[in-house]
2 protein chains.
Amino acid sequence: MHKSRLAGFIIDCQTDDLDSAARFWSQALGYALKPATNPEDRLYRLLETRPDELHMEVQQVGHPSRVHLDIETDDIEAEVARLEQLGAKRIERVHTWWVMEAPTGQRFCVVRAQRPDFAANANFWNR
Amino acid sequence: MHKSRLAGFIIDCQTDDLDSAARFWSQALGYALKPATNPEDRLYRLLETRPDELHMEVQQVGHPSRVHLDIETDDIEAEVARLEQLGAKRIERVHTWWVMEAPTGQRFCVVRAQRPDFAANANFWNR
């Protein structure tokens with residue numbers, strides 16, 4: 001038994017200028033940019049969403065630009081196994097998360113629980 | 001003067017089997033599928049999100065699968081012009097909306113206001 005839910009969306013940008021990319025998306029969508037707070041943030045800029053909203057991040061990547069979604073969970077392995085049963089495939093483990101591919105071809109990530117109301121509001125799975 | 005904001009995300013699926021694609025994303029993300037209600041829905045299936053949440057849709061497309069975002073607005077032309085000033089490009093007008101491309105390469109759409117709290121909560125632009 002574990003929990004999961006949609007955590008948010010990552011705007012993957014193939015760029016050497018993350019600041020410009022983050023500025024565009026901040027202004028286009030009307031969300032402020034959170035200040036970068038630690039060295040690990042150098043490839044990410046977070047948009048300022050409310051605590052009860054989805055995460056929104058702008059990420060500097062090497063692959064072609066796209067948008068991907070993250071699923072957050074309290075049990076990475078159980079959630080990856082559940083998604084495999086639905087037809088998704090494991091692509092690559094990165095640090096604590098898994099990159100997966102949907103049967104319809106989109107890449108997405110399975111990450112540790114991120115948002116403060118996860119325990120209260122995530123979906124509960126018996127398998 | 002006009003308003004806009006992020007409306008939601010469309011999961012574009014290059015598939016001949018929209019029902020299977022919609023079922024995967026419904027189960028993966030833990031949102032129920034809304035019943036299809038009219039003939040125009042044959043290329044779309046909506047996920048059941050709360051009225052104060054972003055729209056989430058699964059769409060059957062001919063191009064490679066991806067995820068794209070929609071920006072909703074009360075003035076399509078003014079919003080497209082605003083986004084052009086930020087560096088985005090017009091790609092194609094489709095029915096009432098515009099497909100645009102961000103400076104970072106992602107395609108996205110500018111659509112008419114969709115969510116019930118648009119007037120109260122959208123961003124207000126002076127240009």
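Start by selecting helix 1 (residues 18-29) of chain A together with helix 2 (residues 76-86) of chain B, which pack at an angle of about 165° with their axes 10 Å apart. Helices here are DSSP runs of H or I with at least four residues, numbered from the N terminus, and the axes are lines fitted to C-alpha atoms over the stretch in contact, with angles running from 0 to 180 degrees between N-to-C directions. Helix 1 of chain A is therefore roughly antiparallel to helix 2 of chain B, a description kept for angles over 145 degrees.

This is a predicted model, in which local features need pLDDT of at least 70 and side-chain atom pairs count only at pLDDT 80 or more, while totals for chains, interfaces and linings use all residues; side-chain values use heavy atoms, with hydrogens and water left out. Residues are numbered from 1 along each chain as its sequence is written, and chains are lettered from A and ligands numbered from 1 in the order in which they are written.

Stay with this pair of helices and look at how they cross: the crossing of helix 1 of chain A and helix 2 of chain B is right-handed, meaning that the near helix is turned clockwise from the far one by less than a right angle. Next, show the side chains of A:F24, A:Q27 and A:A28, which meet B:E79, B:R82, B:L83 and B:L86, where contact means heavy atoms within 4.5 Å.

Now select helix 2 (residues 76-86) of chain A and helix 1 (residues 18-29) of chain B, whose axes come within 10 Å and cross at roughly 165°. Helix 2 of chain A is thus roughly antiparallel to helix 1 of chain B, and the contact is made by A:E79, A:R82, A:L83 and A:L86 on one side and B:F24, B:Q27 and B:A28 on the other.

Finally, colour chain A by pLDDT, the predictor's confidence in each residue from 0 to 100: chain A averages 94, and 97% of the residues score at least 70.

How values were computed:
Helices (H or I, at least four residues) and strands (E, at least two) are DSSP runs, numbered from the N terminus. Angles under 35 degrees count as roughly parallel, over 145 as roughly antiparallel, 65 to 115 as roughly perpendicular and the rest as oblique.
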